[in-house]
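Here is a short note to read alongside the structure. Keep the 3D view open and look for each part as it comes up.

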Amino acid sequence: MEDLIGAAEKTSRVSTLFLFCAILSCTSAVTHYSVPEEMEEGSVVANLAADLGLDAKTLTERKVRIEIIASRKYLDLNKETGELYIAERIDREALCPTKTSCYLKMEVIIENPKRIFYIELEILDINDNAPHFRRDTIDLDISEATQAGERFSVSNAVDPDVGSNSVKTYQLSQSNYFAIEIQTGRDGSKFADLILKEALDREQQAVHNLILTAVDGGTPPRSGTAIIIVHVLDTNDNAPLFDKSIYSVKIMENSPIGSLVIDLNATDLDEGSNSDLTYSYSLYTPEKTQGTFNLNPSTGEITVKGMLNYEDFRIYDMEVIAADKGANSLSGQCTIKIQIEDMNDNHPEISIKSFQSPVSENIDVDTVIAVVSVSDKDSGDNGVVDLHIPPNMPFQLKESSDNYYELVVSEPLDREKVPEYDITFTVTDRGSPPLSDNETMTLQLLDVNDNVPHFPQSFYTIRVMENNAPGALLSSLSAFDPDLHENQYLVYFILEKEIANTSMSMLFSINPENGNLYALKTFDYEMEKDFLFHIEARDSGSPPLSSNVSVHIIIVDQNDNAPVIVSPWRAHGSVVEEKIPRSTDKGSLVAKVIALDVDSVHNSRITYQFLQVADATLFSLDQYNGEIRTMRMFSYKDPRHQRLVVVAKDNGEPALSATVTIKLSTVETAVKAYSDMTEVPLEYDIFSDLNLYLVIGLGSVSFLLLITILVTIVLKCQKAKPSMAAPPSRNSVISERNSTMADSTLVSNDAYWYSLFLAETRKGKLVVRQPLPKGSRYIVSSIPRSTGMSETSGSATSTLQYPK
C-alpha cells in the first residue's frame, strides 16, 4: 500500500483548469486539481499561490484561509510558500462511498481585499480495498433429492473501489459436486451462481465446505473469500418427542395477560422442514382451558389468555400435540396440569373527579387543578392504598378527606420552559406483593405575553457594495419571541433618524413581516460612507412588547472612478508641450505626471507606465511618483521632437486608467544655433568653439569674422558652465540662461513667487514648482556673495519671461 501511494505521489497528475468570467466588479475562477487518494500527510498538491496569481509573501497579511465543504479539513495552505498540501489522509471510499467520481470542493477566501477562489480537487481511486462478501459464511440447505444442474444464488462480493479496481471474477475451491457460473448485472457488477454437478447423498456426506474467492482487476489484484456451507437435508423418518410425558405447573391468580406459563420443548432428529414442529391442543382439552390459555403453535409457549381467579377455578388440565411439517407428518403428545395459587388479586383504582385544563401560565400558587379519589376492593393491608405523583413537578397533592386528594399548584408556571405537563397519578396498595395502578392526565398552559422579542445579535454590521441595485436585499434581521399566536407575531419598523435632512425610511426599507432589510437607492462610496440606525421588533400581544437593535451599514468602495491626470495640465484631449535645453544632463527631470483617483484604498493606488516612447534608452519613468527623467544626454542623432504617452493605472479589479501625451521639444543655446550637427560636450571649451568660428570666418569676409569674434566673447561672459551636481527633483529647470551670476543669492519678497519657484542659491538656479501661465514675467534680484554687500546694495536685477 505504501509503495502504491508513494508511486502515486511521484506520478500524481495535477491538472489545473481556470474558468474566468470577467464582469466590471468581480472575477470568479474555478481551479481543478486531481490527486490519488491515501497520499501522505504533508504531500504538496500544487503551488496554489502561483496558480491563482497571488504573491506568497502577502498570504498572511491578506488573511488567506481555506474553507472546505466537508466534515473534515483534508487540505491546508502553507502561507509562507503558497503550497496547497495534504493535512489529513483522504480516503475516497469514505468521502464518496456511492460515487464513481469523487470531488472535494473548497473555497480560498482572501480578506484584504475580499476575494474568493473556488477549488475543485478530484480524488482518484487506487486499489486500496480488497473485495469482501457481505457475509463471511454462506449457508445453503439442499435436499439430497435435488437434481444435478440445479442453480443456487450466493451472496456477491463488493469492492469500494471503482472502475478496473472493482470485482472482475470469482473462483471456487475444488469440489466434485459443485461449480460456479459468473453473471454480469446491468450496472456491470459481477456475481456468481452455484451449480450442482452431481446429486447429493446425506448418508455419505451431510455437509460440504466450499471457499468462494472474489478477485478485483487492480494491479496487483486483491481478493476476498467467503465460506459456503452446504447442508444436505434428510427425508422425514423421525417423530417429535417431548422432554416429559406429564408436566405440572403452578401460577398465581390474576397473572397479567401474556404471562408465560410453560415453554414446551419437543425435538425431532430430522432436518429442515422435517424437524419444523407445530404445537396444538388435542381434542381432549376442554374449551374453557383453551379459552383461558394461549398455545403458540410455532414455539410451544403457553401463556395466560384470560383472567385467572383462584376463587373461580383452581386446576386446569390439557393435552398438547407436536407434529412435524414433513410430507408424511409424524407427531408426539404430552399432558399438562396447571394449578392456580391465591394472591392479592385486586388492584387499587383511581377516579379523577374534576380536572381543569388548559390553564393560564400565570395561574396563582395554591390553585386547585384537579380532585382525585382512590379505592381498593381488597381488605386489610391489601386494601390500604397510597397515592403519589412524580417528583420535581410544580404540583402537590393535599388530602382533603378519606381517599380524596386535591392537586394544587406549588410553584409559578412558565409556558416557555414547559408548555404542558403529563401528570401521572400512581396508587399502590400495601399487599404482599403490592399492586398498583396509574392514570395520566395532560395539563396544557395558555400563553401570556410575558416575553419581549429577542434579536440574535445586539449590533449588526452590514457591508454593502456601492452601485448596488435599488431594492436589493441587504440582510435578514429576524427576531425571536418564545410566546405563542398573536403574542409571537412580530412587526418590524425602522426607527426614524434624519441625516442631512434625509430620513432613514427614504434610504432603507424593512419587510414588516420577516425583517428583510432592503436598500431603496443606489449608494456612492464617494458621497456616503456609512449609516447607523435602529430596527424595532414589536409583537402583537396586549399590551405589545418590543425591543430594538442597532444596524451599521458600511458602504464598500468599488473601482468605479478612473484616474484623472491633474499635472501636467492640458485641455481635454489636447497634447502637452514641453521644452527643455538640448544640453540637459543625464538624470534631469523632464516632466512629472500626477494623477488622482477619488476611490479608496487599493482602488486609488496609481502606477505610471510608458504607453508609447520613441527611444526607451533616452527617458525613464518612475512607476510610483510619475517623474520622467533623462537616462543619458541628447546626441546629434536624437530627434528634436519626442512624443511620450504615459498611462496612469489604478490598482482596482478591473483596473481603470487615464493617459496623457507629452510633446517634448529640445531647444539649442545661442552657441548651438550655428551648427545642428555638433554635439554639445559636457564641459564647454571656449577655444574649441573659437576655432570653429575662425574656420568658418576663413571663408567669409573680414567683417563677418569680426562679428563672429564679438559674439563668441559675449557668449563666454553670459553662459555659465553646465552643472555637474545632482539634478533637481521637481518638474523642470530654467537655470543658466536666466541667472547672471554663478555664486549669487536669488531674492524675492513675493510669497506667490516662492510658491512658483525654488531658488538654489549656491548654483544660481531656479526650479519650477508648478506649471506657469504662458507669457508671464517675473523680476529676479541677485546679490553677489563675494562682495559682502547688503540685500539693497550691489544687487543686479533681471527679468524672467515664460515663453508664450
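1. In which order do the strands of the open sheet of four strands lie, and what kind of pairing do they have? The order is E20-E27-E26-E23, and the pairing is mixed. Before you trace it, please keep in mind that this is a predicted model.

2. Strand E26 covers residues 315-324 and strand E27 covers residues 331-341; the two run antiparallel and are joined by nine bridges. A handy place to check this by eye is Val320, which stands opposite Cys334 in E27.

3. There is also an open sheet made of three strands, for which the order is E12-E16-E15 and the pairing is antiparallel. Here the edge strands are E12 (151-153) and E15 (178-184), each pairing on one side only. Neighbouring strands of this sheet are turned by 35° against each other on average, again with direction ignored.

4. How many bridges link E12 and strand E16? Three bridges do, and the two strands pair in the antiparallel sense, with E16 spanning residues 190-196. To find the spot, look for Arg151, which stands opposite Ile195 in E16.

5. Is His32 buried or exposed? His32 counts as buried because its relative accessibility is 13%, and the cut-off for buried is under 20%.

6. Another, at 3.4 Å, joins the His32 side chain to that of Glu122.

7. Finally, turn to the surface. Which residues form a nonpolar patch there? They are Phe703, Leu704, Leu706, Ile707, Leu710 and Val711, and together they have about 540 Å² of accessible area. Leu706, one of these patch residues, lies in helix H7, which runs over residues 702-718. With a relative accessible area of 48%, Leu706 is described as partly exposed, because a residue needs over 50% to be called exposed.

Notes:
Residues are numbered from 1 along each chain as its sequence is written. This is a predicted model: local features need pLDDT of at least 70, side-chain atom pairs count only at pLDDT 80 or more; totals for chains, interfaces and linings use all residues. Side-chain values use heavy atoms; hydrogens and water are left out. Buried means under 20% relative accessible area, exposed over 50%, partly exposed in between (1.4 Å probe, protein chains only). A polar contact is a pair of N or O atoms within 3.5 Å; within protein, one must be able to donate a hydrogen and the other to accept it, and residues adjacent in sequence count only if both atoms are side-chain atoms. Patches are made of residues with over 30% relative accessible area and no salt bridge: like charges are joined within 9 Å, nonpolar side chains (Val, Leu, Ile, Met, Phe, Trp, Tyr) within 5 Å. Accessible areas come from the Shrake-Rupley method with a 1.4 Å probe; for residues, only the protein chains shown count as cover. A salt bridge is a side-chain nitrogen of Lys or Arg within 4 Å of a carboxyl oxygen of Asp or Glu. Two strands pair if DSSP finds at least two bridges between them. Axes are lines fitted to C-alpha atoms, for helices over the stretch in contact, and angles run from 0 to 180 degrees between N-to-C directions.
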